[in-house]
Amino acid sequence: MSNMTHRIFPAVPSSLLAAVLLLLALGAAPSLSAQDSGPAAQPPAAPSADGQDAGDAMGPFPPTPGQDLMPAAETGDAGGEVPEDASGGAASPQSGSGARDAGPAGAPAVAGPAGTSGGGGGPSTATTATPATAPSDSGTADSTVGAGPAGASDAKPSDAAADSGPAVAPAARADSGPSGIQAGAKPADSKPDDAAGDASPAGAPADAKPAENGPAGIPADAKPAETAPAAAQADARPAETASDAKPAETGPAGIHTDAKPAETAPAASSDAKPAETGPAGIQTDAKPAETAPAVAPPDAKPAETAPAAASDAKPAETAPAAAAAGAKSAAAPQSAEALETQATDLFKKGLYPAAKDKAKEWADAAAREFGPESEKALTARVAYARALSKAGYFEEAEKYAGELDPLLRKAAGGDLSPLVMQLEDILGYAILYQDKDEDAFAYFAKLDTKRRAALTGDADETLFARRGRIQSKRAADHEEPADIQELRDILAAQVSSKGEKDPEALETRLQLAQAIYEDAVPKADSFDFAEVNALIDTVTKARVELHGQEHPDVSESMALAGFVSQIRNELPKAREILEKVMAIEGATLGPDHPWSVNTYLALAWLSTREKNPAGARDMYRKAVDARIRFFGNTENLKSCEARVMLAGVLVDQFQDYSGARRELEIVYVWREEHLGAEHSETLRALTEIAGMHEKLGNLEEARNVFDRVLKSRMQSLGPDHPDTIHSSARVAYHQFLEGNLARARTLYEETLRRSEEALGPDHMETFNARVSLAMVLNGLGENAEAARLLELSMDGLLKLRGADSPDHLAVKSYLVKVYYDSGDKDKALKAAAEVLEARERILGDTSDDTQASRAQVAQIFVDRGDWASALPLLEKISSYQTSRLGASDKVTMATRSDLAKAYRSLGMRAAAKAAYIALVKDAETVYGKANPATVQLRNDLAMVF
């Protein structure tokens, strides 16, 4: 799980089989048909053109949402873990790697109404017979209810975009120093100074790496007109705002296979107190008289263009440029000192887009007044590099810092110059914010080693490099338990040196809260978040004192609090917090800033948790549009990432496979053109398109694509790579879908063998393959071996995640079906009751998972003829499904049929009569008067009179 530095959302409890969880949810209702036999262990019928599964006693039931495609899941790999609402709503933003421009962890993987596949006769809901879940490159696969074997998913937890939510906590968004640029600070005193910027604290929104900004700042009530007071226009393109590099020259950040959906901007970190340092050591007390004659900077435009204007700005935008070509300026250009003061003030207020423009003017003016290689000019250029990163132009910041680095080392005095070290910090986070997790890790590890050797272990610069190493290491999924202790040591050193409220100490404190949060996600159901909440509260209160309530640094820590609320299933509280975050970011950064977009993604994920699919869809579309405006292209890396999340919602919440396929085709075309046909991300998009064909019934076309992807990965990555293993599972699942159980068995056995050898017995791909194989064996009637594999998985998950973890309970629910099919109904009832008790206790009475378990227990009672025990359960299930799906939904009608039968069997004639009358009326409308199911209901009604 990656670090908060550039994560979009807090880590989501990775569900071993989202599909398993969803599989047992809404669709777990007893079917309308006879209940004497358990659910048939055969693959679900291929979805029809309208997205519904074919062949049920009452007609085609809608397929369970959340199959194969999780919004933010386009970055994950072999994890196969898909956080989901079904797993208890504990799924919170994924803990992906760093700031993700794509959004909530990955976009949150919306599992959708768990198991709306309905029907089926056994305790395991209509589609439980299918393998745990269809593997999905984007992550939704794991959340596929009834989709088939628990196929691995390419997406990491944070990639899921659904009820599971972003797996990543907000990433810290700070380049290094305090967030404000202070005037009068001497270069030697200043530390990386933007508190809310390049350092990237614990939680960040989607565009920044999860850790960059994260959940912490997502203003929900901010109106466009209210946003970005000083920020660049919302629709301004990078070329119009960034001066040194035009977006077209740099292009969208590269897509990395391990990138996580979470796209939160890194939270700002601050090495120096705002009052003590200026942004990147910018001196503001230098008098013009002390400086050398003005010399135009290397990249400065002719004297006709206003010194303050960005080099690539349009004439109309630059002032005080001449009104017409060749005309002399009507007003004298501002001095570097005045521009420094203005830039500093904007930084202090967190108005980073406007600060970027002003810092560029300052750098140009300082070069003219003091010379391009003077300390004052170099200081201003370092400030501009930081401003680029804080304003969301991470790629441009990396390019600019890289070009400035050799000049700065030569002019400023070598590696240990304060300005050089500040630029190094900015460059490291600019790399991290682009989701280049491994590159950032290597960079900070080298920086850490160099500074430890040259400086004292507790020097501010050394501590900063250590924290950067930990952040990037966790972002690259190399986290270790020792990381948290090292963060505690760094915090203790910073507090001892500069006090509790030092900006850098606050940043480290938030990073510590993020790390604890991420590690606790898998056991969130039983974890005490008291320490995490205390750390967040301390940071938030201190930042309010330093910067005021309306500052991006404040929204950053608030965002992490919002994710904690989500993982604890406190959704109203989470919404209140995230909407405040969105308001702050919209007002200070603007509606199209990467951190603001990350907030849209976080709120989209929250909307799925709140069962508001339309709200989630609209937020994802808003994110797509904002990314296109911000990056200035028709399509780009970040808009594609948001489209993947949107596709996940269309699948999971609306079963709109055609719409999802259209979004994915845009992504595929862009990736093929810019990354190549054989690039891993291109293949992921192609796999998801194949998944849409699969759901639309185009099985042959889907099979050809899956085979092609597997062949490509086998050749380029080898048979033991997680991506290749995942593709093998996907092909096996497709065989299962086509009814080729023997072939599916062979493929899953081979996949399991390779996964155990290459990844280990406790890797999620291995768990997925094992559970999927068990469900195929269940379909073949080999229940003894199926039970053995599931019990083995349960034992492993028990040790790994605990008895109350969503994954452990999901596999136990599968065991209920296998026990039931093998004829051991007592064992099935005992296991089902244990799962129900745990879910009621952990998730509450109305959770999808709780309802699924309740349906299992009720089904067994119904099959036994124990109507007295089944009645209260059926009443609760019927009430829940009616409110959630509607009274005439096929799944709801299946439960209502059993409820009517319970009334009749218990001699409650009036209740039975009323229930059957209503059922017959709805059945005639839904199925037609001549449908066998309608006829049967009429006969049942006649028996009541």
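## Helix α25 and its surroundings

The buried residues of α25 are N783, A786, A787, L789, L790, S793, M794, G796, L797 and R801, where buried means under 20% relative accessible area, exposed means over 50% and partly exposed is anything in between, using a 1.4 Å probe and protein chains only. They pack against α24 (764-779) and α26 (806-821), with contact taken as heavy atoms within 4.5 Å. This is a predicted model, so local features need pLDDT of at least 70 and side-chain atom pairs count only at pLDDT 80 or more, while totals for chains, interfaces and linings use all residues. Residues are numbered from 1 along each chain as its sequence is written, and side-chain values use heavy atoms, leaving out hydrogens and water.

Helix α25 runs over residues 783-801, and its 19 residues reach 26 Å from the first C-alpha to the last, close to the expected 27 Å. That expectation is 1.5 Å times one less than the number of residues. Helices here are DSSP runs of H or I with at least four residues, strands are E runs of at least two, and both are numbered from the N terminus. After α25 comes G802, with a positive phi near 100°.

## Helix α31

Now for α31, residues 909-926. Its 18 residues should span 26 Å at 1.5 Å a residue, and the end C-alpha atoms are 25 Å apart, which agrees. Buried in α31 are A912, A915, Y916, L919, V920, D922 and A923. The cover over these buried residues includes α30 (890-905) and α32 (932-944). Just after α31, G928 has a positive phi of about 100°.

## The nonpolar cores

In soluble globular proteins, nonpolar side chains tend to be buried together. A nonpolar core here is a set of buried Ala, Val, Leu, Ile, Met, Phe, Trp, Tyr and Cys residues joined through side-chain atoms within 4.5 Å. The largest one has 146 residues, and the members touching the most others are Y517, F529, V532, I536, Y620 and L790. Helix α18 (residues 637-654) gives the most to this core, at 10 residues.

Which residues does I536 touch, leaving aside neighbours within four places in sequence? The contacts of I536 are L510, A513, S557, L560, A561 and V564. A second, separate core of 42 residues includes L351, Y352, A391 and V420.

S565 sits in helix α14 (residues 552-567). S565 counts as buried because its relative accessibility is 3%. Not counting residues up to four places away in sequence, S565 touches E570, K573, A574 and I577.

## Rings and charges

There are 13 aromatic pairs in the structure. Rings of Phe, Tyr and Trp (its six-membered ring) pair if their centres lie within 6.5 Å; planes under 30 degrees apart are stacked, over 60 edge-to-face and the rest tilted. Y517 and F529 make a tilted pair, 6.2 Å centre to centre with 45° between the planes. Y517 is in helix α12 (residues 503-520) and F529 in the loop between α12 and α13 (530-547), so the pair ties together parts 12 residues apart in sequence. Both Y517 and F529 are buried. The F630 and F631 rings have centres 5.1 Å apart and planes at 80°, so that pair is edge-to-face. F630 is buried at 7% relative accessible area, and F631 is buried at 17%.

One aromatic cluster is formed by F394, Y429, Y433, Y443, F444 and F464. As for charges over rings, the criterion is NZ of Lys or CZ of Arg within 6 Å of the ring centre and within 35 degrees of the ring normal. The charged end of K376 sits over the ring of F370, 5.8 Å from its centre, and that of K622 over the ring of Y600, 4.5 Å from its centre.
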